[in-house]
Amino acid sequence: MAGSGPWVLDQTLDVRFTRVSVPGYGPVTTRAYNGAIPGPTLRLRGGDTLRLTQVNALPPNPPHQGGHNTPHHPNSFNLHTHGMHVSPSGDADNVLREFAPRTAAEAAAGAAEPRYTTTIHVPADHPAGTYWYHPHLHGATAEQIVGGMAGVIVVEGDVDEVPEIRAAADVVLCVNELKLKDGQVPAFTSGGWMTGIPSTFTVNGTVNPTITLRPGEVQRWRLVAATAFAALRLTITGSKGAMTVHQIAQDGVTFGAPVARESVELAMGNRADLLIRPAAPGRYELRAEAVPGPLMTIEVTGPAVEPPMGLPAVLPPGRPFLDASEITDPHADREVVFHADPKVFAGDFPNAFRMLGPDATPPADPAGDLTRDPSYGLFDPDYTNHTLRLGAVERWTVRTDETVPAFNHPFHLHTNQFLLTHRNGERLHPPVWHDTVGLTGGTPGQSVTFLVRYQDFTGRTLAHCHQLHHEDLGMMQTVDYVADRDHGAGRHAPPPRDGS
Ligand SMILES: [Cu+2]
């Protein structure tokens, strides 16, 4: 399809309860895309259109008694193209839609399973790289993702033409984190939902699969953390120690040059593109800190490639950097604080997971006890937390108050990627484009600072914690991207090309 001009990728994603075979675990009955974990990999290019038909063949939703920020309608979903710079409105990457199943009456009457369409135009200059898709309906996201509803999106383009990358095998590695008990995902019915249920990690649907390379061979790995709970600190280790990997992209955005690393940190939702070149034969394991078993086994075997395949010295950067001098309103710094109030609500969900700071959702009772307030800092789809003007460049600082080590709060912003410039006040050299950035629990005061330019697309969408059961419980804010004629921006201004 390369060189054939704009393309429409038509794909049906059928969602129903399916018995999926998970090698290394056993059969799992779960909500799945097209009967598989992960769902199909979608490949397209800048300028293409992605047209998805989603069938909701799940049973009717159970009745819901609790409030908006408790889990609900687990059999409805929608679609998010995580990390992609595409429209959040209409029938595009609009996570405020609901794809509902048939009602009980419709099912009894034999009505057809409902079908929903998503149409996403990918900008011609979209960074080429690795993205992913998953459902994003508030109240249902965590339960669906830990059941395996996630798949990879590859945007092909300039980086693939780098000779050393072109010569390397293109290997998609989708890491799913499943929460299974007796072959099923338990319903999200209490705040302690997952207590005691260990995660089952799969790579491309298998527990600890084996991948083979020859000594001196280069493979390009597209690692996707399609996870809801665990941050993954990854290493490749063998009998002779850790293998050095060469990271070429973070969250779909190619670096200016490969970066040699001994470990790669992926918060929930992050991606890393790596070049792997083992020198010597042997057996290695892809391991994540705090995960008991290996995620994947790597067998380096066969005749050595002579001379060894090359690694590129430079790469086509996926996005030009932003600089603090481009901030359009120096008084408009945004601050967000992740803050949990344990055991403050009656009922099955006692913990409040809030996003605080100057733009927090207001309390229901400003004179009352804010730690017990049912609205303060919690998701309200009708309240706009952040009005973001197209063309503006702003700085955000996101902090965590979190004292509980298990409560990671990775920050994710929809629609526009952001340039991480500081961690805990210390400048990164160089800065790194992200769409999600991890903040670990147990280290209150930890912060990240980033710059972001709001570009191209108007509409209401979300910023939230990507530990997805926190999100379902309300650790989420609305953002409204609005046109601003004063900045001469909006749909008429093409995004700046690589001007670095
Ligand atoms: Cu969180």
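## Contact between domains 2 and 3

In this predicted model, twelve residues of domain 2 are in contact with 16 residues of domain 3. The side of domain 2 that touches domain 3 comprises, by class, seven nonpolar, three polar and two charged residues. Taken over C-alpha atoms, the centres of domain 2 and domain 3 are separated by 28 Å.

The domain assignment from which these names are taken places domain 1 at residues 8–159, domain 2 at 192–300 and domain 3 at 324–492.

## Overall fold and dimensions

The protein contains four helices and 31 strands, and its C-alpha atoms fill a box of roughly 70 × 55 × 45 Å along the principal axes. Because a compact globule of 500 residues would have a radius of gyration near 23 Å, the 22 Å found for the protein agrees with that expectation.

Of the 500 residues, 47% count as buried. Among the contacts in the protein with a separation of 6 or more, 76% are accounted for by residues 24 or more positions apart.

## Annotated Plastocyanin-like spans

The UniProt record, an unreviewed entry, places the feature "domain: Plastocyanin-like" at residues 74–157, 194–289 and 378–479. Over the span 74–157, the chain is 12% helix and 26% strand, with its end C-alpha atoms 37 Å apart.

Key:
Residues numbered from 1 in each chain as written. Predicted model: local features only at pLDDT ≥ 70, side-chain atom pairs only at ≥ 80, totals over all residues. Helix = DSSP H or I, 4+ residues; strand = E, 2+ residues; numbered from the N terminus. Rg over C-alpha atoms; globule rule 2.2 N^0.38 Å. Buried ≥ 20, exposed ≤ 12 C-beta atoms within 10 Å, placed from the backbone. Contact = placed C-beta atoms within 7 Å. Domains from an automatic or database assignment. Nonpolar A, V, L, I, M, F, W, Y, C, P; charged D, E, K, R; others polar. UniProt positions renumbered as here; feature names shortened; annotations may be inferred.
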